[in-house]
Amino acid sequence: MVSTHFLNCIMGNVFKTKTSPALPSKVFLGLSKTTPTVSGTGITEPSPAAGYTRIELTNLSIPNNGVITNNSEVSFPKSSAEWGTITHFVLFDAATGGNFLLSERLSKPRSVEEAVIVILERGKLKLTLKNVS
């Protein structure tokens, strides 16, 4: 699901009708235990006190039929406490705070306990702008 903020940002910048805010210069992958909404509410990330942090995506593929994937493995830090059950990945334009860009439900929820490293294998993250109506 693509956020309203990101859709407006893309459309305004591509068609030069509203170029502020600019397109993000960096994108950060996060995890959520709840379902995000297009407005960016409903996101529940694990606690930084449990070793969680968003990961900057720096090695993405060129688009192929409107889809971008991760060209290398993406690893989150080892959890220092339980993160709970992760149901969605989320993308933001900042390492903390920032604007919500898009999300997708995981194919299977994952329970993250203490001393676990969450890894997305190469090519497993698939990013596209289509929304299901």
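The paragraphs below treat these two topics in turn.

This is a predicted model, in which local features need pLDDT of at least 70 and side-chain atom pairs count only at pLDDT 80 or more, while totals for chains, interfaces and linings use all residues. Residues are numbered from 1 along each chain as its sequence is written, and side-chain values use heavy atoms, with hydrogens and water left out.

Tyr52 is found in the loop between β1 (28-32) and β2 (55-56); strands are DSSP runs of E of at least two residues, numbered from the N terminus. With a relative accessible area of 7%, Tyr52 is buried (under 20% relative accessible area, 1.4 Å probe, protein chains only). The side chain of Tyr52 makes a polar contact with that of Glu45 at 2.5 Å (a pair of N or O atoms within 3.5 Å, one able to donate a hydrogen and the other to accept it; residues adjacent in sequence count only if both atoms are side-chain atoms). Ser79, 27 residues from Tyr52 in sequence, is 6.4 Å from Tyr52 in space, C-alpha to C-alpha.

Attention now passes to the pockets. A pocket is an open set of points on a 1 Å grid over the protein atoms alone, where a 1.4 Å probe fits, with protein on both sides within 12 Å along at least five of seven lines; lining residues have an atom within 4 Å of a point. The largest pocket is lined by 19 residues, and Leu106, Ser107, Arg110, Ile119 and Leu120 lie nearest its centre. The largest share of this lining, eight residues, comes from β6.

Key
Helix = DSSP H or I, 4+ residues; strand = E, 2+ residues; numbered from the N terminus. Buried < 20%, exposed > 50% of the residue type's maximum accessible area, 1.4 Å probe, protein only.
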